[in-house]
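Please look at the chain slowly, from single residues out to the whole fold, and keep the sequence beside you as you read.

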Amino acid sequence: MPDPVRTVLAHAPELMVVRFAFEAGDQGALHSHPHVQSTYVQSGRYRFTIDGEPSEVGPGDAFVIPSGAVHGCTCLEAGVLIDSFTPRRDDFL
């Protein structure tokens with residue numbers, strides 16, 4: 001499966017905002033990181049798994065992924081996610 005297209009919108013050492021554009025079938029592989037992540041669903045539909053708990057989200061939904069939580073998603077309908085990370089994810093620069 002293809003990967004989503006990532007665009008860093010803004011960043012400072014304490015915070016990073018990133019746009020992820022997904023096509024249907026794209027996946028965000030299961031992973032974890034020390035950053036707290038907030039996700040806002042701008043458009044599309046997604047099946048997320050966070051620490052083994054599945055959920056389906058759509059436009060206007062938002063949620064927080066705690067530091068260290070294993071998470072990933074599958075895009076069900078093409079769309080855009082806006083993610084914020086604290087602190088900044090230097091691996092995205």
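A62 is exposed, because its relative accessible area is 55%, where exposed means over 50%, buried means under 20%, and partly exposed is anything in between, with a 1.4 Å probe and protein chains only. This residue lies in strand 6, a strand being a DSSP run of E with at least two residues and a helix a run of H or I with at least four residues, both numbered from the N terminus. Apart from its neighbours within four places in sequence, A62 is in contact with T39 and Y40, and contact here means heavy atoms within 4.5 Å. A62 and Q42 are 20 residues apart in sequence, while their C-alpha atoms are 9.1 Å apart in space.

A word on the source of these values belongs here. The model is predicted, so that local features need pLDDT of at least 70 and side-chain atom pairs count only at pLDDT 80 or more, whereas totals for chains, interfaces and linings use all residues. Residues are numbered from 1 along each chain as its sequence is written, and side-chain values use heavy atoms, with hydrogens and water left out.

Moving to Q42 itself, we find this residue in strand 4, where it is partly exposed because its relative accessible area is 43%. Q42 touches P59, V80 and I82, if residues up to four places away in sequence are not counted. Compare its separation from S55: Q42 and S55 are 13 residues apart in sequence, and 17 Å lie between their C-alpha atoms.

H31 is also partly exposed, with a relative accessibility of 32%, and its place is in strand 3, which covers residues 27-31. Leaving out residues up to four places away in sequence, H31 touches A69, V70, H71 and R89. Between H31 and I50 there are 19 residues of sequence separation and 9.7 Å in space, from C-alpha to C-alpha.

Beyond its neighbours within four places in sequence, E14 is in contact with F85, T86, P87 and R88. Two of these contact partners, T86 and P87, are joined by a cis peptide bond with an omega of about -10 degrees, and P87 is found in the segment after strand 7. Another loop, between strand 4 and strand 5 (53-57), holds D51, which has a positive phi of about 50 degrees although it is not a glycine.

Which residues touch the most other members of the largest nonpolar core? They are F22, Y46, F48 and L81, in a core of 17 residues; a nonpolar core is a set of buried Ala, Val, Leu, Ile, Met, Phe, Trp, Tyr and Cys residues joined through side-chain atoms within 4.5 Å. The elements that give two or more residues to this core are strand 2 (15-22), strand 4 (36-50), strand 6 (62-65) and strand 7 (71-86). In soluble globular proteins, nonpolar side chains tend to be buried together. Y46 has contacts that include F22, V41, V57, C75, L76, V80 and L81, when residues up to four places away in sequence are not counted.

Stepping back to the whole protein chain, we count zero helices and seven strands, which follow one another along the sequence as β-β-β-β-β-β-β. The radius of gyration is 12 Å, close to the 12 Å that the globule rule gives for 93 residues, so the chain is as compact as a globular protein of that length; this radius is taken over C-alpha atoms, and the rule is 2.2 Å times the number of residues to the power 0.38. Along its principal axes, the C-alpha trace spans about 35 × 25 × 25 Å. Buried residues make up 37% of the 93 residues. Of the contacts between residues at least 6 apart in sequence, 68% join residues at least 24 apart.
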